Amino acid sequence: MNCIIVDDEPLARSEMRSLIEEASKIDILGEFSNAPSALEFLKDNDVDLIFLDIEMPMVTGLEFAEMLPKRSLIIFTTAYSQYALKSYELEAVDYLLKPIDPQRLEKAIDKAILYTELLSKDTIKNTVESNTTDFLFIKADRRFYKISFSDIKFIEGLKDYVVMHTKQQKLITAMNLKTIHQKMSGENFIRVSKSYVVNTEYIDSFDNHNIYIEEAEIPIGEVYRADFFAKYAGGFLNSDL
């Protein structure tokens, strides 16, 4: 797996390079101080992962993310927490706050490596063939796999696919989040942002901005917040706090 670093601060680029090299899991193809120069590089080079700053001159990281080829995954790196929700709406793999913790970076890289494997040619042929009120069938490698709704912890939108996080594994299929949500019966599955549907049975905790399911931190979108609090907390908690 390879990557590039895009950040307008030389010191930030140097620190990110050192952290990535210390992790020793991916190859660094280049560093860029602005989005236009990175975009030129992407025209002639296939890049798996982009470590992308947000507040940059000319073109911001958020604007740049909307221009990227679908095969490139993004990990945002920024000193500003207020962009987190927007970053996940752009289907970023992760959002790291500066100064970046090495263990947090390693976790984000592991997630990117896994998603790159899931997006390989063999796995994206997976399709949802049918469903009942309790489970659905996914076709993969000429076999049908039964996935019980009760085993699905949450579903994540990723590019043109969805990743189903189950108790046993992670599965990817070529379907948008809205369509697969409609196939799932019961009130346990709640859409909480543009990129996530959660099974409320697996929620460990939550605050006004995030839901926590085991090690996963799932953002709550502004337009979905009131509905989530009403359905999950029964209206007893104030979502405006």
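Rings of Phe, Tyr and Trp (its six-membered ring) pair if their centres lie within 6.5 Å; planes under 30 degrees apart are stacked, over 60 edge-to-face, and the rest tilted. By this rule, the count is ten aromatic pairs. This is a predicted model, where local features need pLDDT of at least 70, side-chain atom pairs count only at pLDDT 80 or more, and totals for chains, interfaces and linings use all residues. Residues are numbered from 1 along each chain as its sequence is written, and side-chain values use heavy atoms, leaving out hydrogens and water.

**View 1. Phe149 and Phe189 form an edge-to-face pair.** Their centres are 6.2 Å apart, with 75 degrees between the planes. The pair links distant parts of the chain, 40 residues apart. Phe149 sits in the loop between β8 (143-148) and β9 (152-158). Phe189 belongs to strand β12 (residues 189-191). Strands (E, at least two residues) and helices (H or I, at least four) are DSSP runs, numbered from the N terminus. Both Phe149 and Phe189 are buried. Buried means under 20% relative accessible area, exposed over 50%, and partly exposed in between (1.4 Å probe, protein chains only).

View 2. Phe206 is in strand β14 (residues 205-206), and Phe229 is in helix α7 (residues 222-232), 23 residues apart. Phe206 is partly exposed at 26% relative accessible area. Phe229 is buried at 6%.

**View 3. Ring pairs build a cluster.** Its members are Phe206, Phe228, Phe229 and Tyr232.

**View 4. Lys146 lies over the face of Phe135.** The distance to the ring centre is 4.3 Å. A charge sits over a ring if NZ of Lys or CZ of Arg is within 6 Å of the ring centre and within 35 degrees of the ring normal.
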